[in-house]
Amino acid sequence: MTSNRRVVFGARGSALSVAQTRQVMAKWTSQFPDDEIELRTFTTTGDRIQDREVKPADLHKGIFTKEIEHSLLQEEIDIAVHSAKDLSVWMPQGLVLGAVPERHSPHDVLLSKEAIDSLEEWSVETMIMTSSPRRVFQWKEHYPNSTVVPVRGNVQTRIQKLVDHGEAHASILAQAGMDRLQPDLLGCSMIPLPLKQFIPAPGQGALALQARETDEFILNKLAAIEHMPSRRCLDAERRLVQTLEAGCSVPLGAFAYEEDEQIFMQAILYLEGMKLGDAGSRASASTAFENDGSWIETMAEQLKA
């Protein structure tokens, strides 16, 4: 096996996806300067319906990944770079999660037309823009007098729609995407939402590098850019999603972090606009996935109780 070869990265063609993929490619080049690298972009099913009014229940698994995964299986690309929250826990046979780089911020952020320094300044009677069921339910739980209106599109489009909307006060987005893309805020201000009140989507802030399970050359090199604490935490969140059999339309928040050799995870689940349950647990990082991750099974039962 040769020590270097041409490596083709695949990603969605959105500005955010290209930006985060190029960050991964820069890491690759720093580790393997002799490899030639290339980026190929794809328009996915999810991209094609971004600006339509689509009900969450109509969204099926893998709408932002399936075209890229098909190209990976056909050996047209070598590594697929996904936002981890877009990657289904039920991957096509022959593909594996090859590596998880160090995770960026998992926070949701409030993008406001008005300058604010803290949520304590926020009015309870406001109009918020988001199409995420999880974000809708979490915001309404804390600000029940707010009005929430849907918004779709890429990051810059959502910012523009907020600015153009005559009645909306703010929008909710992922901080990781804002930081990676550095979009024009068009005069808006941004403040992170606290994790305890606004538990993010599983995988939010993390990148998932997908590869063929038989491609030892790529998998061996991916190990050099793996960040094990981020990998273990993402694995815990994905295991919870799998245990709950929760697809992308399920309003589930789950966030795990590693501290003092322990993995801590907090989760919340909604049903028909009401909080079905919340749960928190921890496990030793070294044994978290032994016994089939029984602590995650217990969390799932608590959420459904």
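This is a predicted model: local features need pLDDT of at least 70, side-chain atom pairs count only at pLDDT 80 or more; totals for chains, interfaces and linings use all residues.
## Helix H5 and its buried face

Helix H5 covers residues 155-164, and its buried residues are Val 155, Arg 158, Ile 159 and Leu 162. Viewed down the axis of H5, these buried residues fall within an arc of 100°, so they line one face of the helix. An α-helix has 3.6 residues a turn, so residues three or four places apart point the same way.

## Surroundings of H5

A contact is found at the start of H5, where a side-chain oxygen of Asn 154 comes to within 3.3 Å of the backbone nitrogen of Gln 156.

## The sheet E11-E12-E13

An open sheet is built from three strands, ordered E11-E12-E13, with antiparallel pairing. Its edge strands, E11 (252-259) and E13 (274-284), each pair on one side only. From one strand to the next, the twist averages 10°.

Strand E12 spans residues 262-271 and is joined to E11 by eight bridges in the antiparallel sense. Within E12, Met 265 is the bridge partner of Ala 256.

## Helices packed on the sheet

Helix H4 (residues 133-142) packs on this sheet and touches E11, E12 and E13. The direction of H4 makes about 85° with that of E12.

Helix H8, formed by residues 228-244, lies across E11 and E12. H8 runs at about 150° to E11.

Key. Residues are numbered from 1 along each chain as its sequence is written. Side-chain values use heavy atoms; hydrogens and water are left out. Buried means under 20% relative accessible area, exposed over 50%, partly exposed in between (1.4 Å probe, protein chains only). Helices (H or I, at least four residues) and strands (E, at least two) are DSSP runs, numbered from the N terminus. The arc is that of the directions from the helix axis to the C-beta atoms. A polar contact is a pair of N or O atoms within 3.5 Å; within protein, one must be able to donate a hydrogen and the other to accept it, and residues adjacent in sequence count only if both atoms are side-chain atoms. Two strands pair if DSSP finds at least two bridges between them. Axes are lines fitted to C-alpha atoms, for helices over the stretch in contact, and angles run from 0 to 180 degrees between N-to-C directions. Contact means heavy atoms within 4.5 Å.
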